[in-house]
Structure formats: structure tokens, C-alpha cells
Amino acid sequence: MKEIDRIDRKILRAMQDDGRLSNLELAEKISLSPTATAERLKRLTRDGYIISYTAKLSPERLDRGMLVFVEVKLDRTTPDVFDSFSEAVQRSDDVMECHMVAGGFDYLVKARVKGMEAYRAFLSDVILSLPGVRETHTYPVMEEVKNTGKLPV
């Protein structure tokens, strides 16, 4: 894999800011020819620096205004319980992220739901029904101070 240079970094920053840029707009933004820009963009994608292009949707407009984080403790920490939990959490549309963590609990789940009633249903029907769940602690978000997927480049 080739090391990236300052122009590659400019491309990555520009694409993080607006993934809908046309090749011509991107080329103008980074002061490079469209052909050279397209080749670099292809290489950055091929080499795995750019992994996807997505649209960021409005949770409020889609009735998913409540953001919650849930700490999950499992009753057993065995490979089969981890695998079962991981497979089950993949099937929930409410779960946006799920991370196995080190520390006082096993998983941190980030979910978006319509409101408290929907959260209660999510907790009982999804989280508490997942394989191996022993205990949960929920943190409803009162204010989203920062929400970005941008990496420093």
C-alpha cells in the first residue's frame, strides 16, 4: 500500500466534508487536473482509505429522535455467547452501533428510537431478549453536543 501525501490528504478532507463532490469540483478544490484527481480517488478507494459513500439522514424527520446508549453485561463471556449476541444485534434496525468494550461491562450499544415508549419496547423486545444478557444500564441523550464521523486527516 502506497503512503499518502498532502494532496491525498486534501482529497480525503474534501470528500469527508462533501462526498457528493463531482470529480471536476474536487479537482478545482485541490488544484489538480480532473484526470489526476480521478486516478488518486480510485487509488484511495482501492487501497481502503475510502470505504464507502453514504447520505446522512435526519433522525427527527424519520421519527428516530431519541438517542440512547446502553451498557450491556453478559452472564457468561464465552465465544458462543459473544457470537450469539453479535449475530442477534446485527438484526436490529434500531441499533446503530454496537461495540465490545473492555471494562465494567461487555458491550456498548448506540440506538435510535422514536421516543421513550419505543425505547421501552426496544429494551424488552430486543436488548433483554439477546442471548446472554444479564444486566443493562441506559443513558438517554439529552443533548447531542458533537456528532461527526470525520477523522483527522
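By class, the lining of the largest pocket is made up of 16 nonpolar, nine polar and 14 charged residues, where Ala, Val, Leu, Ile, Met, Phe, Trp, Tyr, Cys and Pro count as nonpolar, Asp, Glu, Lys and Arg as charged, and the others, Gly among them, as polar. This is a predicted model, in which local features need pLDDT of at least 70 and side-chain atom pairs count only at pLDDT 80 or more, while totals for chains, interfaces and linings use all residues. Residues are numbered from 1 along each chain as its sequence is written, and side-chain values use heavy atoms, with hydrogens and water left out.

**The largest pocket**

- The largest pocket holds about 1500 Å³ of space; a pocket here is an open set of points on a 1 Å grid over the protein atoms alone, where a 1.4 Å probe fits and protein lies on both sides within 12 Å along at least five of seven lines. Its volume is the space filled by probe spheres set on the points, which are joined across faces, edges and corners.
- The lining of this pocket comprises 39 residues, and those nearest its centre are Thr 54, Lys 56, Thr 148, Gly 149 and Lys 150; a lining residue has an atom within 4 Å of a point.
- Two or more lining residues come from each of α1 (6–17), β2 (95–100) and β3 (107–113), the helices (H or I, at least four residues) and strands (E, at least two) being DSSP runs numbered from the N terminus.
- Helix α1 gives the most to the lining, with five residues.

**Salt bridges**

- The whole structure contains 11 salt bridges, each defined as a side-chain nitrogen of Lys or Arg within 4 Å of a carboxyl oxygen of Asp or Glu.
- One of them joins the side chains of Asp 8 and Arg 43, at 2.8 Å from N to O. Asp 8 belongs to helix α1 and Arg 43 to helix α3 (residues 34–46), so this pair ties together parts that are 35 residues apart in sequence.
- Both Asp 8 and Arg 43 are buried, a class that means under 20% relative accessible area, with exposed being over 50% and partly exposed in between (1.4 Å probe, protein chains only). For Arg 43 the relative accessibility is 10%.
- Leaving aside residues up to four places away in sequence, Arg 43 touches Lys 2 and Asp 8, where contact means heavy atoms within 4.5 Å.
- Asp 5, Asp 8, Arg 40 and Arg 43 are linked in a network of salt bridges.
- Another salt bridge is formed by the side chains of Lys 150 and Asp 17, at 2.7 Å from N to O. This pair links distant parts of the chain, with Lys 150 in the segment after β4 (133–140) and Asp 17 in helix α1, 133 residues apart.
- Lys 150 is partly exposed, at 44% relative accessibility, whereas Asp 17 is exposed, at 55%.
- The side chains of Arg 46 and Asp 47 also meet in a salt bridge, at 3.8 Å from N to O, and Arg 46 is exposed, with a relative accessibility of 61%.

- Asn 23 is placed in helix α2 (residues 23–30) and is partly exposed, with a relative accessible area of 29%.
- Apart from residues up to four places away in sequence, Asn 23 touches Pro 34, Thr 37 and Ala 38.
- A polar atom of the Asn 23 side chain lies 2.8 Å from the backbone oxygen of Pro 34, and a polar atom of that side chain lies 3.3 Å from the backbone nitrogen of Ala 38.
- Lys 110 is found in strand β3 and counts as buried, at 14% relative accessibility.
- Lys 110 touches Leu 67, Val 68, Phe 69, Asp 94, Val 95, Met 96 and Glu 97, when residues up to four places away in sequence are not counted.

**Residues with positive phi**

- Most residues other than glycine have a negative phi.
- Ser 31, which is not a glycine, has a positive phi of about 60°; Ser 31 lies in the loop between α2 and α3 and is exposed, with a relative accessible area of 65%.
- Asp 63, also a residue other than glycine, has a positive phi near 55°; Asp 63 lies in the loop between α3 and β1 (66–74) and is partly exposed, at 45% relative accessibility.

Note on methods: A polar contact is a pair of N or O atoms within 3.5 Å; within protein, one must be able to donate a hydrogen and the other to accept it, and residues adjacent in sequence count only if both atoms are side-chain atoms.
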